[in-house]
Structure formats: C-alpha cells, structure tokens
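Morning, everyone. Please take a look at the model on the screen, and then I'll walk you through two spots.

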Amino acid sequence: MYSEKVMDHFANPRNVGEIPDADGIGEVGNAKCGDIMKIYLKIENNVIVDCKFKTFGCGAAVATSSMATEMVKGKTVEEALELTNKAVMDALDGLPPAKVHCSVLAEEAVEAAIINYYERNGIEYTPKRKCTGCCSSCSTCG
C-alpha cells in the first residue's frame, strides 16, 4: 500500500516539465521495470534554482521524481549530491519493497544531471560511491 504522500506526489506531481536551457540533464532508466526518469537542473552560483522532471513509469516512479526535485531545489550542487534513495523514501513515508528501485532511480537521475553539469563546465567529478556491479543498472556502471 502507498502512503498518503506517495499518492499526493503521484496525483499532484511537483516540477513536471523540461528546462529548455538546463545546465544539467540526467536520464536514467531500468529496462527491467520500464521506468525512465529525466531530470533537468538550472544552476546559478552553484545553487539549484530550478529542477524539473519527466518520468515514464509507475506511480511510485512519478512520486519519487517529484519528491527528489523538491528535495534538491534550493540546495547547492554538493548538497544535492548527498541525496539518497533512503532520504527520498523517508520523505514519502516509505515505499513498498517492490518499488524501492524507483527511489534509487530518482537518486541516480539527480546525480546524472549533476555529472552532466560538471562535464559541461569542465569540473572533475568524484563518484560518491564505488559501483560493485551488483545490479548492472546504476549510472556508475555505464
């Protein structure tokens, strides 16, 4: 069963859309479940001033995308890199075990958008975690 917060973010998602002149764009997906998330970031003076998303997927995918954008907007790029799937799940008052992967995708989409921003600006990126190849789906495996 989904929490009230998950249902609210699914029925009334925040920050849906694209940012035409985005400073960073990250797209991640999981072919196994079919969820695809695309995050757009507008960054000024190292602060995420706008964040939008487009998600193709289930209700939990939409809800986690919506919550993740709410959580990083107004944060510095470094603060946004600290976003975890657990924090997204906690902010939504939990997800069913079969939907935890949606929160992982939300975390990875934000990270991918920041990596894109770094690449566009010649900033070196040090991954926050070392991929072990355990799932074959994270952005670090690329």
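Start with Tyr125. Leaving aside residues up to four places away in sequence, Tyr125 touches Leu81, Glu111, Ile115 and Tyr118; contact means heavy atoms within 4.5 Å.

Before going on, the ground rules. This is a predicted model, where local features need pLDDT of at least 70, side-chain atom pairs count only at pLDDT 80 or more, and totals for chains, interfaces and linings use all residues. Numbering runs from 1 along each chain as its sequence is written, and side-chain values use heavy atoms, with hydrogens and water left out.

Back to Tyr125. Is Tyr125 buried or exposed? Its relative accessibility is 19%, so Tyr125 counts as buried (under 20% relative accessible area, 1.4 Å probe, protein chains only). Tyr125 sits in the segment after helix H5, residues 100-120; helices are DSSP runs of H or I, at least four residues, numbered from the N terminus. From Tyr125 to Ile114, 11 residues apart along the chain, the C-alpha separation is 9.1 Å.

Now H5 and its neighbour. The axes of H2, residues 59-72, and H5 come within 9 Å and cross at roughly 40 degrees; axes are lines fitted to C-alpha atoms over the stretch in contact, with angles from 0 to 180 degrees between N-to-C directions.

Who meets whom? From H2, Ala60, Ala61, Thr64, Ser65, Ala68 and Val72 meet Cys102, Ser103, Ala106 and Val110 of H5. Thanks.

Conventions: Helix = DSSP H or I, 4+ residues; strand = E, 2+ residues; numbered from the N terminus. Buried < 20%, exposed > 50% of the residue type's maximum accessible area, 1.4 Å probe, protein only.
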